[in-house]
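Subject: Handing over the structure

Hi,

Here is the structure I promised to pass on to you. Have a look at it first, and my notes on what turned up follow below.

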Amino acid sequence: MKIPVEVKVNQRFYRLEVKPQETLLEVLKNRLKINSLRRGCEEGECGACTVLLNGKPVCSCLILSPEADGGEVLTLEGLNRDGELHPLLEAFIENYAIQCGYCTPGIIMTAYYLINHLTSFSEQTIRKGLEGNLCRCTGYVNILKAIEAAKKEKDSGRWW
Amino acid sequence: MVVNNSLPGNRARSNPMKHFVGSRAMPEVNYHRPKELGEALAMIHEFKDNCILIAGGTDLIPALRRGTVSLESRNLVDLRWLKELDYIRRKEDWIQIGAVTRLSDLEDSEIIRKYAPVLSDAAGQIGSLQIRNQGTLGGNLCNASPAADTAPPLLALRARVLLKSLDRQRVVPLDQFFLGPGKTLLMPGEILAEIQVPIPQDEERFCFLKLGRRNAFTLSIVSVATWVKVEQEIIQGIRIALGAVAPTPMRALKSEEYLAGQRVSEKILDQGAKIVSGEVQPLSDVRANAEYRKDMSYILTRRAILFCVTPNKSKEGDENFTSRGEF
Amino acid sequence: MISREQRILSGKGRFIDDLELPNMAYCVFIGSPYAHAKIKRIEVNKAQKKAGILAILIGEDLVKRTEPLPALSDFSGRPGWLWRTPRIYPLAVEKVRFHGEPVAAIIAETPSLALEAAEAVEVEYEPLPLVLNAVEAMQEGTPLVYEEWGDNIQLQTVFNFGDVGKAFQEADRILKVSWRENRTSGFPLEARGCLAAYEPMTETLNTWGSYQCPFRAQHYISHVLRLPQTNVRVVASDIGGGFGNKINPWKYTVVCLAAILTGRPVKWQESAREFFLTGPHQRDVRWEGEVAIKNDGRILGIKARFIQDLGVEISNRDYAAPSIVAACSSVPNAYRLQGLRIEAYGIVTNKSFYGAYRGFGKDKGAKFMERIMDLVSKECNLNPAALRLKNFIQPHEFPYKQISGLVYDSGNYPAVMHAALKVAEVDSWRKKQEELREKGQYIGIGMAFVVEPAGIAAPNARFSGLVQARVRITPDGLVEVYSDRTEIGQGAEKTNTLVVSQILGVKAEEIVIKPVTSDVIGMGPISSRGAVYSVSALVRAAKGVKDIVVKYASAFFQDDPKNIRLEDGRIYSLKNPENSLSFRELADRFYFRPGPRGLPKEMQLNHETLLDVSASWYSPISAENPTTSYTTFSSSADLALVEVDSETGVTKIWKYIHVHDAGKIISPEIVDGQIYGGIVQGIGEALSEELIYNERGELSTDSYTDFVIPTAVDAPDIVIRHLETPSPYTELGTKGMGESPIISSKAAIISAIEDALSPFRVRILEAPATRERIRRWIRNSPAR
């Protein structure tokens, strides 16, 4: 069974025929070859596969691809522009917030959302916002530092 | 969403006789996407038991991968697209919530925050941000896990559910909706379309507390929602609803009966809460044993009622109200 | 060359999930639903005929084609040791012994087709009685995991250090002590996986994947598949976390075999659930014993019985048997002891096998000792810090030969302890503790002091102390680094880059850290040996290259070698700094224009015509003193302030302080990152992580839903301070680190909870201290 799906991914428009049981994660990773997608637990428990779907963080492993029809997806590649790393990503590198790197793309997409949308921005609210993104390596400390540093960048105008 | 589930906590295991298969593939499905409610109801009427409904998918997709849900017919009917079921609105003295409303919308809704903040509070503690952006209220209720976190507050709010099928519809109090773990009142061909919440009056106070195995993104070991109406220190009305401590979300009727009409005092509240631990019928599973669940039913109920009867008490800075220090 | 982080964040990650070859097929394992059963019949014909199925392998196929999995440690014949090795193939043969044990491997065009074919695989099992508990497994009449053994003991020995008899004779008091750690393991977010392809023209089996130790993997795979080691090449891809859980390529051997048999590249990518079921498990130990003490708090000796629950085995699927040795020899920790006697047992049960997980074995003895410290502190009414200070090995005593035979290289334990006490405000915390107790609120202060041995060279256990490093300048002036130190997130690439950058004076962008492969000899990043063995070898190799550059430059600039400088990617002589060479220019002259003809005669006659040096390193202390297998010993002091809700058992961590001495630090940020991560893992072990089997022997905690690790909300803020007492034995004075945080944090949190619950007279004898357990301990307390 094949379902036609039209979806915008990182500002590019795609028209695909998907099998309904293919998850959005599988379509993005295996079909569209978007490298930053990480397959973790594939049951919504670790958040490694987080992307922004219509602006909101979701676990792409829990979304059947037909659901993305007419929608917009943003992954880490969509944040970078013309070979320039997004300030959020630079903040992660500068603050040593990446160890093995497996949870990183998912955390970055959630962090991007949080920095743009959290009405009250504090250590507590960031930690709560990140509850669905597990990390086994970093203990989260430097991730928080990176997010706070990135927020400062945004406030000073260096953001997109 | 109608799903065949085994007992909570045991859901993690597949049929013991079946092999564990390390494939990361999802089983094949016949996917159906009705464009509007009428079409959906007609489809479900035709399929009867031979289909599974999906909205958010946060429970169903992991279950399909594990094989704890059998999808012989492979018919999957996707309700996500039904805009007619995705709304939160106020209609006179009622709040009407479409079944396909996302938990994050429920959490952020101005209407809910204004008129039924306990529901927003509970929704905000389900899963994670990602799960809340996908999962729906209808899904949470129809999945009928005894630990569904939206059920206790809705029971405390005296919610009703509107069930629709092709040729009829009926309204049922939520108290009657759950029949057992994974089982609801829904007949073949029937869907949960709307959740109706009577708007509480000002002097009514609500509280929701949950306890899991860690401080965030955790399934409830015990959850409690209470509603108390106090006038001149007498309990005029009280409802106590609990999750994860019985085959379905439940009301602690004996405790309610004891406390109604009583003068508020620590001793009375304590005794009333103790009765709850006798009323619950929890299981022991990998998450917690029955003894702890009984014990926590008492503790959380007492705290929740205390919150309701204490004027100006706030839960600021402590979501679970289970830690009381300040540093 | 951009850094690994930049590469991954630019969408150029190379994790096993990203790797693809044309015509690739997929390997999917099928695991037993039973924890213990005879395989009466296994029928794959129907499944084999299904569309897209290339092959289905079962145990019998492997018996024909492979060697049994080798015993990676073999203690048979060691005097005083009972040791057994089971005969095991990569897939179950005749019997299954744990839930999920693979009975077949399906090789299919797609994972979906494998899933469908799996339905048609028929296996008839005859379930057998099971044993899931090490203590039960030691009793008469218990079900046997390996019938031919007659019992369930894989390992039994007695460790006798010092003079325990004298210690107990001189004691003022003897205290009973008991401590238990339940089963858990690492489970990084990326599970195991590999891609294998056989190249017929060169007869080479190539494999890429989540291999924490490629050289070991090559050794293991070639042995099992009966291939000359020279025909097997293992390449580590990007790895999403290891922690020791990906050291040995057990299931990977089947994927490699499938690639050979089918002639197609074959990929295996484990699901999270498969990892929980069939991955290496750890901890799961019990200590029961007695401590001999003086009234003033000096600890004289310890006698104990130690039981480690190995699951089905500790010898063939992973390199873990020596963990029992490590556990028992780490008991003395940071203290002076007169005697230590431990009866150690490694017991088999019907659970997944025992493997390596951060700490390995060194963690267990140290945690046991820290529990003893808390016990003695309470029983003798002595301040826990003062008690430790009294028992510490003193700074002037290093190098210190511990009764275990380990030689501790250097350290200043009192300084580390005092630094921690200074950062924490223990006195004000204690005052607050008293105030809050009146109100029925319970905070607690916990302490732990841990010594972490690193840099191992042990005989006969594949931990032999082998390492190689190679530094090579390319003709176009980049510096290539070949190391055995696989990047698993611990910062290997970054610190290797810093080391080489400092020695050769080149910028990080000019250094290329090559992917780690089996071409380089070495044990890999295990047991925190990176900063000991790998870095020391790298230093020697880089210095070797530097020597050659300096020799050449000295002739080129006509100046004394002492005056040659390598800085900012340029080489110059002090005589005329303006006239410098870049590495590119130097390499071009060295290799091509004019090439060797232009080298100074001495170099030509000595055949020093390459900018390429390979070097090794062996621990000088292991050479001098054969009783010691570790090289360096870092230390740390942890203080934790927690609050326990006595009604619910919820623990909240208010403050966490960690003071660390890991010798000379190459990168403080990397070290800090390892500390933060290790501490949060230890917190998970202390509060919630547990692998639980139900009465049918099924693993109930088979996903992150039920295997509960800390989220960002559960992790506390952590304050770190560093001291640096260099090691006299390594090239740079560095010490291995990374494991002490996971050891100390578990001990410190347990200690803090126990302190919080002291009004209830609760002694914590078991971890994790889950909410349910804490509540039960309070309810059962005699003080209520």
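In chain C, 63% of the 784 residues count as buried, a residue being buried if 20 or more other C-beta atoms lie within 10 Å of its own, exposed if 12 or fewer and partly exposed in between, with C-beta atoms placed from the backbone. Please keep in mind that this is a predicted model, where local features need pLDDT of at least 70 and side-chain atom pairs count only at pLDDT 80 or more, while totals for chains, interfaces and linings use all residues. Residues are numbered from 1 along each chain as its sequence is written, and chains are lettered from A and ligands numbered from 1 in the order in which they are written.

Let me stay with chain C for a moment. Its secondary structure comes to 22 helices and 30 strands (DSSP runs numbered from the N terminus: H or I of at least four residues for helices, E of at least two for strands). The radius of gyration of chain C, taken over C-alpha atoms, is 28 Å, close to the 28 Å that the globule rule gives for 784 residues, so chain C is as compact as a globular protein of that length. That rule is 2.2 Å times the number of residues to the power 0.38. Along the principal axes, the C-alpha atoms of chain C fill a box of roughly 90 × 70 × 50 Å. Of the contacts in chain C with a separation of 6 or more, 80% are between residues 24 or more positions apart; two residues are in contact if their C-beta atoms, placed from the backbone, lie within 7 Å.

Now for the domains, whose bounds come from an automatic or database domain assignment. Chain C is assigned domain 1 (4-128 + 192-269), domain 2 (150-184 + 283-392), domain 3 (416-448 + 634-784) and domain 4 (469-617). The C-alpha centres of domain 2 and domain 3 of chain C lie 19 Å apart, and 22 residues of domain 2 are in contact with 24 residues of domain 3. On the domain 2 side, β9(C) gives the largest share, seven residues. By class, that side has six nonpolar, five polar and eleven charged residues (Ala, Val, Leu, Ile, Met, Phe, Trp, Tyr, Cys and Pro count as nonpolar, Asp, Glu, Lys and Arg as charged, and the others, Gly among them, as polar).

The largest nonpolar core has 427 residues, and those with the most contacts inside it are Ala104(C), Ile106(C), Ala108(C), Val255(C) and Ile753(C). Such a core is a set of buried Ala, Val, Leu, Ile, Met, Phe, Trp, Tyr and Cys residues joined through C-beta atoms within 7 Å. Ile106(C) touches residues including Val28(C), Ile30(C) and Ala114(C), not counting residues up to four places away in sequence.

Chain B has eleven helices and 15 strands, and 58% of its 327 residues are buried.

Finally, the contacts with chain A. From chain C, 38 residues are in contact with 36 residues of chain A. The largest share of the chain C side, seven residues, comes from α20(C).

Enjoy exploring!

Best wishes
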